Amino acid sequence: MSEKRLKRQELRKKLYTKNRLVILNEESFEEVFSLRLTLMNVFVVAGLGAILIIFFTTFIIAFTPLREYIPGYASDQLKRDATRLALESDSLVNAVKKNEAYLSSIKKILTGELELAKFNKDSIYANLPENTNVEDVKPSEADLQLRDEVAREDKYNLFEKAQSKTGVVLFAPVKGSITEKFSTRNRHYAVDVALAKNTPIKAMLNGTVIFADWTPSTGNVVIIRHNNGFISAYKHAASLTKSQGDIVRTGEVIALAGSTGQESTGVHLHFELWKDGYPIDPTQFIEFE
């Protein structure tokens with residue numbers, strides 16, 4: 001026990017023994033600075049300094065923008081930019097998908113590889129199968145009486161405004177003899193109209209030119225997108241008078257008739273009419289002869 005006590009006393013004596021830290025001028029040995037201190041004071045000051053350094057470092061990392069310069073910490077601006085870029089990339093992906101679907105439909109128009117939807121003359125929409133009974137559609141006596149009254153009234157109303165069944169009037173792009181009709185069996189989704197060379201080819205309806213260029217198989221081609229989901233294609237032209245992106249009006253000249261492309265057999269117009277991605281027979285809506 002006495003040895004341990006002696007060691008404690010010696011340790012305490014060393015800790016509290018006063019020492020002097022002196023800074024001397026090397027040339028004159030003049031005392032420049034001196035400081036009295038003990039080992040205990042040195043330990044206390046060093047401990048407090050370490051605690052303060054840890055405290056300020058933690059504060060800087062947690063509450064100041066300086067933490068952005070520390071490896072492993074992401075800045076708020078970087079997070080916002082990453083979120084914005086993620087949203088923009090998602091929007092771009094959707095836009096690319098829409099463009100791919102649109103280009104796919106244009107490719108089908110140029111190649112003719114597609115499925116055919118049936119259309120009747122009174123409607124531009126595909127026919128839906130209907131299962132109706134004859135008894136259900138028979139008019140009643142009141143209905144017959146009302147029809148007679150309306151017929152008698154309309155008999156003398158000759159100047160009332162008439163309305164088209166389809167609401168769309170299509171302009172004939174050219175006038176001539178049809179050499180090959182629309183045929184699903186032969187996969188000929190168009191009508192071929194024989195023409196004299198350089199006959200003006202006109203737009204069937206107001207629209208925007210979405211394609212106007214030369215292709216190996218069909219020569220000079222113009223494709224116009226119209227309202228109501230219509231797309232018209234004019235192929236084998238000798239020359240084009242419109243470019244992609246141009247706005248055209250009904251009856252405006254868009255090309256001159258010719259015989260260009262590997263599939264052409266003479267001067268004629270290969271005219272295709274599309275609705276919502278499906279080809280329809282143009283002769284149901286347009287008189288070419």
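**Aromatic pairs**

I started with F182 and Y189: both are buried, where buried means under 20% relative accessible area, exposed over 50% and partly exposed in between, with a 1.4 Å probe and protein chains only. This is a predicted model, where local features need pLDDT of at least 70 and side-chain atom pairs count only at pLDDT 80 or more, while totals for chains, interfaces and linings use all residues. Residues are numbered from 1 along each chain as its sequence is written, and side-chain values use heavy atoms, with hydrogens and water left out.

I then looked up ring pairs (Phe, Tyr and Trp rings, the six-membered one for Trp, with centres within 6.5 Å; planes under 30 degrees apart are stacked, over 60 edge-to-face, the rest tilted). The count comes to 4 aromatic pairs. F182 and Y189 make a tilted one, at 6.2 Å centre to centre with 55° between the planes. Y234, F271 and F288 are linked by ring pairs into a cluster.

**Whole chain**

I count 4 helices and 12 strands in the protein chain; these are DSSP runs numbered from the N terminus, H or I of at least four residues for helices and E of at least two for strands. Of its 289 residues, 26% are buried. I get an accessible surface of about 21200 Å², 55% of it from carbon and sulfur atoms (Shrake-Rupley, 1.4 Å probe; for residues, only the protein chains shown count as cover). For contacts (heavy atoms within 4.5 Å), I took those with a separation of 6 or more: 59% are between residues 24 or more positions apart.

**Confidence**

Mean pLDDT (the predictor's confidence in each residue, from 0 to 100) is 79 for the protein chain, and 79% of its residues reach 70 or more. Residues 124-128 stay under 50, with 11 contacts beyond four places in sequence in the model. Residues 155-166 are also below 50, and this stretch has 6 contacts beyond near neighbours in sequence. Where pLDDT is low, the predicted coordinates should not be read in detail.

**Cores**

Next I checked nonpolar cores, meaning sets of buried Ala, Val, Leu, Ile, Met, Phe, Trp, Tyr and Cys residues joined through side-chain atoms within 4.5 Å. The largest has 30 residues, and I201, M204, Y234, I254 and F271 touch the most other members. Two or more residues each come from β4 (191-194), β6 (207-215), β7 (219-226), β8 (230-240), β10 (253-257) and β11 (268-275). Another core, of 9 residues, lies apart from it and includes F211, I223, I231 and A233.

**β7 and its partners**

I moved on to β7, where 7 of 8 residues are buried. For pairing I used the DSSP rule of at least two bridges between strands. β6 and β7 pair antiparallel over 8 bridges, and D213 has V221 in β7 as its bridge partner. These two strands form a hairpin with 3 residues between them.

On to β8: 5 bridges join it to β7, again antiparallel, and I223 has A233 in β8 as its bridge partner. This hairpin of β7 and β8 has 3 residues between the strands, with N228 in the turn at a positive phi of about 65°.

**A233**

Last stop, A233 in strand β8. Why does A233 count as buried? Because its relative accessibility is 0%. Leaving aside neighbours within four places in sequence, A233 is in contact with I109, V222, I223, H270, F271 and E272. I also checked C-alpha atoms: A233 and E272 are 39 residues apart along the chain, with 5.0 Å between them.
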